[in-house]
Every structure is written in C-alpha cells, then in structure tokens.
Amino acid sequence: MGVPRMSRREALAAVLRRHPRLELGHLPTPFEPLRRLTSFLDGPQLWIKRDDATGLGVGGNKVRALEYVAADAVAKEADVLITAGVIQSNSVRQVAAAAAKLGLGCHFGVITDRVPNIDRDYRQTGNILLDHLYGATHEPMTIGDDRTSKLAEIALRIKASGRRPYIVPYGCANRLGAIGYLGAALEIADQALAMDVTITHIVHASGSGGTQAGLIAGLAMLNLDVEVIGIDIDAEPEGVHRRVASILRELADEVGLEFAPLEKKISIESSYSGDAYGVADQSTLDAIMLAARMEGLLVDPVYSGKALAGMCGLIREGRLAPDAQIVFLHTGGSPAIYAYRSLFPELAA
C-alpha cells in the first residue's frame, strides 16, 4: 500500500520545521496560467510560478534560501554577511537586501572579469546600484580566484577588525539554502492541487544548483512524478550537473531518501545557454521580447530569459508533449536587464 499524500506532505512539512526560518519573502508566490503564451506556442498548457515576486530586494529565488541561511547567521550572532558574485549578481543583491532588513552589514567580493563585452554602464546600473543602495560594500575578485578560499580570507580579515562575519556561499547554494526549495516544492504542489492541475514538468534557470536540488528532493518526497528541467545558464552543463548533484546528495540525507534514484532525476538542458555565462543569444532575446509583449512579464538576459528560451525551444522541438502541464519557475533577475541595453539597439536609437 502506498503512503497517503497527506502523510508525505506532513513529513516534508516536518523537515522544514526542523530548521529556524526568518520570514523574509512574500510567500506563497503567485501561481498563474500563461494563457497568451500557451496560445502563441500552440503547445502544452503553461503556468508560471512567480518567484520573481518574493518581494525582498526586488525579489528572486535566493530569498527562499536566505530565509534559512540568514536565520543561521542570526542564531550564530553574526553582524556582517560575506558573499561573492559578479557585478550583476542577483544573489548578492538579495543578500544585501536581507542584511539591510536584519540590521546586519554586508560585504562582498565582486568578480569583475567573468562577463565579456559589457555595456558602458554595466558597472554602475542594475544590481550593483541596488547593492550599494542597500548599504553593501565590496572588493574586487577575479574569475580565477578560488571563491571558497577568498571568502574565508575576507571573513578572517573582517573578524580581525572585531566584527562577526558569516559566509553566505556563492549563489546561496548549499544544503541549508536548498531547504527553501523543499518548501517551494510543497507550495507548488498545494497550489496545483487547489487549481486541479496535474503538473508534469517544471522548467527553470539552473546554475549554482540549490533551486533544482531542492525541487527534485521536495517533489520526490511528495511522490509526485514531475520532471524538473534545469536550463544551463553557464554554458557548462557538466559543472551545473555536478553542483546540483552535490547539494542533492546532502538533501537526500536531510529528507531520508536514497541519493541514487534522486540523481537519475537531474535533467540539465544545455542548448540554450548562449556562448557563455552572461551572454545572451538570439533565442534569449526573442524570449525576452515574447514574455514582455505576450504576458507583460520581465525576464533577464542572464538567467530567466535563457530559461524561458529553453522552455519555448523544447516545446517547438516536441520534447515537451502537447498534453503536458508545464510550470515555468521565474527565478527573478529583472534588475540586470538595465545593464544590457545594447541588446536592444532599436531602443537606443
């Protein structure tokens, strides 16, 4: 006899209750149909999970992770959050906003050389502008630096000055941060049930791994047969797969499931990542315009735009069947679009 759904739901809820959580986000986020986009693509029924609407610091998927990561920082009496990211990092922006809301300092290493061919004002607008409005400070890093060692070095220096630093991992991606997406899996399942929707796929941008690992583990714990497709945004599918698997292995212990069956559920789609991280190809630009003009929806050139391009492409290729029920998980990132104005030359004119 199978385990009743309520029992699985309560078991997952019990896992979430084991960990201190700060209520930083506007949760649950909306779950809505994409009616015009569904009609335009003439394919499966499309839905959107609006994790761009988590609220804090202009929102995004890392707010869910920070509800648990920042709770750990507060419990350890930290007074400054340390992290790292590129100039237009969505993760850093959300860490900076969380720090401001909690009355903590925020200092980050900013990787200045990862994205080629940047716009003239790339270093002054978008996320980096918001970081400093939220009171964060930064110092330079390079793509060649070992991030773990560099953050440890920064933390030691700040500790020597008399402060109490807490390191937030790159992309908020670790076991504790991924617990936020165990919660998202439960939230999506509840919303779909309330709307009588049988979800078959969730598509989202995947890079640092925590979001995808949390969804896979959470849905497996609920015994829901949903394929979670991560659209590689790094042009490095093996690295993305490795990061998802690493966090998923830790989550398997957390939720009491075997890792090997979970690992088989990792699905990384590498055809829509452009030439490199932070580089948008024509399919991403088309997706940005399509979302804006069909649904009044903003997606960005680095993460959610590539994910939407991937979803549309998989539908057109027949990889996603016409009778599928697909959720596009919008992970946020809209501030970065202002740093990529050169992608839209007709507007510049």
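Q: Why does Thr-83 count as buried?
A: Its relative accessibility is 0%, and buried means under 20% relative accessible area, with exposed being over 50% and partly exposed in between (1.4 Å probe, protein chains only). So Thr-83, at 0%, passes the test for buried. Keep in mind that this is a predicted model, where local features need pLDDT of at least 70, side-chain atom pairs count only at pLDDT 80 or more, and totals for chains, interfaces and linings use all residues. Residues are numbered from 1 along each chain as its sequence is written, and side-chain values use heavy atoms, leaving out hydrogens and water.

Q: Which residues is Thr-83 in contact with, leaving aside its neighbours within four places in sequence?
A: Contact means heavy atoms within 4.5 Å. By that rule Thr-83 touches Val-92, Val-95, His-107, Phe-108, Gly-109, Leu-151, Val-168 and Pro-169.

Q: Where does Thr-83 lie, and what makes that stretch a strand?
A: Thr-83 lies in β3. Strands are DSSP runs of E with at least two residues, helices are runs of H or I with at least four, and both are numbered from the N terminus.

Q: What makes β3 and β4 a pair?
A: Two strands pair if DSSP finds at least two bridges between them. β3 and β4 (residues 105–111) have 7 bridges and run parallel, so they meet the rule for a pair. Within this pair, Ala-84 stands opposite Gly-109 in β4. They belong to an open sheet of 4 strands, ordered β5-β4-β3-β6, with parallel pairing. Its edge strands, β5 (137–141) and β6 (165–167), each pair on one side only.

Q: Why do β1 and β9 stand at the edges of the other sheet?
A: That open sheet has 6 strands in the order β1-β2-β10-β7-β8-β9, with mixed pairing. β1 (31–33) and β9 (267–269) each have a single partner strand, so one side of each is left without a neighbour in the sheet. The twist there averages 30 degrees from one strand to the next, where axes are lines fitted to C-alpha atoms (for helices, over the stretch in contact) and angles run from 0 to 180 degrees between N-to-C directions. Further in, β7 and β10 (residues 325–330) pair in the parallel sense over 3 bridges, and Val-203 has Phe-328 in β10 as its bridge partner. Helix α9 packs on the sheet, touching β7, β8 (227–232) and β9, and its direction makes about 155 degrees with that of β9.

Q: What makes one space a pocket and another a cavity?
A: On a 1 Å grid over the protein atoms alone, a cavity is a set of points where a 1.4 Å probe fits but cannot get out, whereas a pocket is an open set with protein on both sides within 12 Å along at least five of seven lines; lining residues have an atom within 4 Å of a point. The largest pocket has a volume of about 770 Å³. Among its 37 lining residues, the closest to its centre are Tyr-170, Gly-171, Ala-173, Gly-207 and Ser-208. The largest cavity holds about 70 Å³; its lining includes Gly-171, Ala-173 and Ser-208. Volume here is the space filled by probe spheres set on the grid points, which are joined across faces, edges and corners.

Q: Which helix supplies the largest share of the lining of the largest cavity?
A: That's α7, with 3 residues.
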